[in-house]
Amino acid sequence: MDVLSRPLIDRTLPLLAEGYAWLPNRMRDAASSVVRTRIMGRPALALRGPEAVRFFYDERNVHRHRAIPEPILGTLFGHEAVHTLDGAAHRARKELFLPLLEPTAVAGLAEHVSDAWDEAVPEWGRRASVVLFDEAATVLTRGVHRWAGVPLDDADAGAAARDMTAMVDGFATAGPRHLRARRARGRQEERLARLVRDVRTGTVTAPAGSVLERVCGHRGLDGGPLDEKTAAVELLNVLRPTVALAWFVAFAAHALHRWPENRAPLAKGDVAFRTAFAHEVRRFYPFVPFLGGLAARDLFWRGAWVPEGGLVVLDVYGQNHDETLWGDPYAFRPHRFLERAVGRDELIPQGGGDPATGHRCPGEGLTVGLLETLAAQLARTEYTVPDQNLAISLHRVPTLPHSGVVLAGVGRAAV
């Protein structure tokens, strides 16, 4: 039988069982960086490597429109979000987010989050212990709301943080986690849609130049403003990914506990090392397992084929742990980012391609800037790590140290 017409076995159940390891396992078994399979009944082509990244992000090859399953739209991204668009419509909507890439925007958000961290540490110190993941989510929620100009009472920050993290925690699963994610999105979309309505009617004034003002005033290709629900979705697509940085903060604490030699250069303000540490946390720890789209036409890649409308899947976790790119991928070694310039399409924890024109996350610069800031804050904060379960399961998506990283005896940051 011809290899191109050979029946494909559906691998959805192994995907759910193996999590982050699913695609790396398939590629290892095939001794190849490209494999054909079937997911949820669709033929699929799975790719890895910088050239594959460029192939994947070329809109002549892969489309996002209708590619994201409804369970993910209903929890993580929201319906009619920028992630669902292609071509001119995608570029027009992305204009809304591009100012977030500016260094001044990154610095402003980092300052707000850093202030929220400093406010929180004394309160943490009054407790016997805290779960860092939960507390970091609340800090990030307070900071990003202040920066974005979105009103939020401090007393409501914990509940909002739980909703933001629930949306991320439940997108890739069924059952109670998924239902919590849907309910959380519903609450937050309703809250933000009311806010958009109030700004447009003059009941609430959006701070000049704020994210809130930009979203409320943004106009699409048709010249009209976003409807209230879509505006709420895009506001959440600034707030929710920022709060999701709590995963990386927990991973950073995990790294500092396992490899404490990284604490001193972070605490002392070595700017280049902070950036390298942030990149290594994003590379080393599992967050996004893979990304997908739909074949825009019959596609061939290195001898493998997928028909128009089939799935094209980019192996994010596998590429970030590819020995041919990183040499020692399962060693946590920030200095790798000081030893050579890493190509744009080599490190892809938040996607690849050009963030200004393609589907790479436009908030990646914010993620790196915030992680640099919070890793340094963490390194300067006094605490102990009591006995706990710090195991990280590759079967759970998204994963996290089992305990959420419990800190005890938390003190103020050193001056």
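This is a working chat about a predicted model of one protein.

Q: What does the secondary structure come to?
A: The protein has 18 helices and nine strands.

Q: What does the C-alpha trace span along its principal axes?
A: About 70 × 55 × 40 Å.

Q: How many of the residues are buried, as a percentage?
A: Buried residues make up 57% of the 415 in the protein.

Q: What about the accessible surface?
A: The accessible surface comes to about 17,700 Å². Carbon and sulfur atoms hold 55% of that area.

Q: Which share of the contacts with a separation of 6 or more comes from residues 24 or more positions apart?
A: That share is 71%.

Q: Switching to strand β8. Which way do its side chains point?
A: Strand β8 covers residues 311-314. L311 and V313 point one way, while V312 and L314 point the other way.

Q: Which strands pair with β8?
A: Strand β2, residues 42-47, runs parallel to β8 and is joined to β8 by four bridges. Strand β5, residues 291-295, pairs with β8 in the antiparallel sense, also over four bridges.

Q: Which residues in β8 are the bridge partners of L45 and G292?
A: L45 has V312 as its bridge partner in β8. For G292, the partner in β8 is V313.

Q: OK, salt bridges. How many?
A: The count comes to 27.

Q: What does R48 form a salt bridge with?
A: R48 forms one with D315, and the closest N and O atoms are 2.9 Å apart. This pair links distant parts of the chain, 267 residues apart. R48 is in the loop between β2 and α3, and D315 is in the loop between β8 and α15.

Q: Is that pair buried or exposed?
A: R48 is buried, with a relative accessible area of 14%. D315 is buried too, at 0% relative accessibility.

Q: And E228, what is its salt-bridge partner?
A: E228 forms a salt bridge with R197, with 3.1 Å between the closest N and O atoms.

Q: How exposed are E228 and R197?
A: E228 is partly exposed, with a relative accessible area of 28%. R197 is partly exposed as well, at 37%.

Q: What about R283, which residue does R283 form a salt bridge with?
A: R283 forms a salt bridge with E280, the closest N and O atoms being 2.8 Å apart. R283 and E280 are three residues apart in helix α14, residues 271-284, so about one helical turn separates them.

Q: Buried or exposed, those two?
A: R283 counts as buried at 0% relative accessibility. E280 is also buried, at 0%.

Q: Which residues are linked with R283 and E280 in a network of salt bridges?
A: The network links E280 and R283 with D328, R333, R336 and E339.

Definitions and conventions: Residues numbered from 1 in each chain as written. Predicted model: local features only at pLDDT ≥ 70, side-chain atom pairs only at ≥ 80, totals over all residues. Heavy atoms only, no water. Buried < 20%, exposed > 50% of the residue type's maximum accessible area, 1.4 Å probe, protein only. Helix = DSSP H or I, 4+ residues; strand = E, 2+ residues; numbered from the N terminus. Pairing = 2+ DSSP bridges. Salt bridge = Lys/Arg side-chain N within 4 Å of Asp/Glu carboxyl O. Contact = heavy atoms within 4.5 Å. Areas by Shrake-Rupley, 256 points an atom, 1.4 Å probe, with all protein chains shown as cover.
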